[in-house]
Amino acid sequence: MSCILFIEDDMHAQRVYSMMLKEYGYDVILASSYKDAEEQLKICSPDLILCDIMLPDYSGIKIKELYNKSEATRDIPFIFITALEEYKSFRKGMDLGADGYLIKPVPMEELLKVVKSRLDRVNNN
């Protein structure tokens, strides 16, 4: 079973997407901020990170920058899941090496397809 760290401050989105992922056999660890995510990373090492961009303490872009600098997190697949549709955010996220950029509301089949694809790529290397 793959473990996903989901960093999302919107409790409704957190509940909906985590339930979807759990239904398909993923273990989901929830965090609502960078600080929460750091606490979760002390407990387990996720196989994939889903991260909103607009968060209360650091932006998802800043979190990706920080995780790129950390040996413990730099190689974990990282997917943005956000309501921001602007090209500038998309480009910045991808330039930082994100593995995906999904715009909410994300259809269940699209989320599952992207997550499975990224995890399969990691598991086949």
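Lys 104 sits in the loop that runs between β5 (100-103) and α5 (108-123). Helices (H or I, at least four residues) and strands (E, at least two) are DSSP runs, numbered from the N terminus. The model is predicted, so local features need pLDDT of at least 70 and side-chain atom pairs pLDDT 80 or more, whereas totals for chains, interfaces and linings use all residues. Residues are numbered from 1 along each chain as its sequence is written, and side-chain values use heavy atoms, with hydrogens and water left out.

Lys 104 has a relative accessible area of 19% and is therefore buried. Buried means under 20% relative accessible area, exposed over 50%, and partly exposed in between (1.4 Å probe, protein chains only). The side chain of Lys 104 makes a polar contact of 2.6 Å with the side chain of Glu 8. A polar contact is a pair of N or O atoms within 3.5 Å; within protein, one must be able to donate a hydrogen and the other to accept it, and residues adjacent in sequence count only if both atoms are side-chain atoms. Residues up to four places away in sequence aside, Lys 104 touches Glu 8, Ala 13, Tyr 17, Asp 52, Ile 81, Thr 82 and Ala 83. Contact here means heavy atoms within 4.5 Å.

The peptide bond from Lys 104 to Pro 105 is cis, with omega near -5°. Most peptide bonds are trans. Pro 105 also lies in the β5 to α5 loop.

Aromatic pairing was examined next. Rings of Phe, Tyr and Trp (its six-membered ring) pair if their centres lie within 6.5 Å; planes under 30 degrees apart count as stacked, over 60 as edge-to-face and the rest as tilted. The count by this rule is seven aromatic pairs. Tyr 34 and Tyr 67 form a tilted pair, 6.2 Å centre to centre with 40° between the planes. This pair links distant parts of the chain, with Tyr 34 in helix α2 (residues 34-43) and Tyr 67 in helix α3 (residues 60-69), 33 residues apart. Tyr 34 and Tyr 67 are both buried. Phe 78 and Phe 80 pair edge-to-face, at 5.0 Å centre to centre and 70° between the planes. Phe 78 and Phe 80 are buried as well. Ring pairs join Tyr 34, Tyr 58, Tyr 67, Phe 78, Phe 80, Phe 90 and Tyr 101 into a cluster.

Helix α1 (residues 11-23) packs with α5 at an angle of about 60°, and the axes are 11 Å apart. Axes are lines fitted to C-alpha atoms, for helices over the stretch in contact, and angles run from 0 to 180 degrees between N-to-C directions. The two helices are therefore oblique to each other. Angles under 35 degrees count as roughly parallel, over 145 as roughly antiparallel, 65 to 115 as roughly perpendicular and the rest as oblique. From α1, Tyr 17, Met 20 and Leu 21 make the contact; from α5, Met 108, Leu 111, Leu 112 and Val 115 do.

Val 122 also lies in α5. Its relative accessibility is 39%, so Val 122 counts as partly exposed. Asp 99 occupies the loop between α4 (87-95) and β5. With a relative accessible area of 23%, Asp 99 is partly exposed. Neighbours within four places in sequence aside, Asp 99 contacts Ile 76, Pro 77, Phe 78, Ile 79, Arg 118 and Arg 121.
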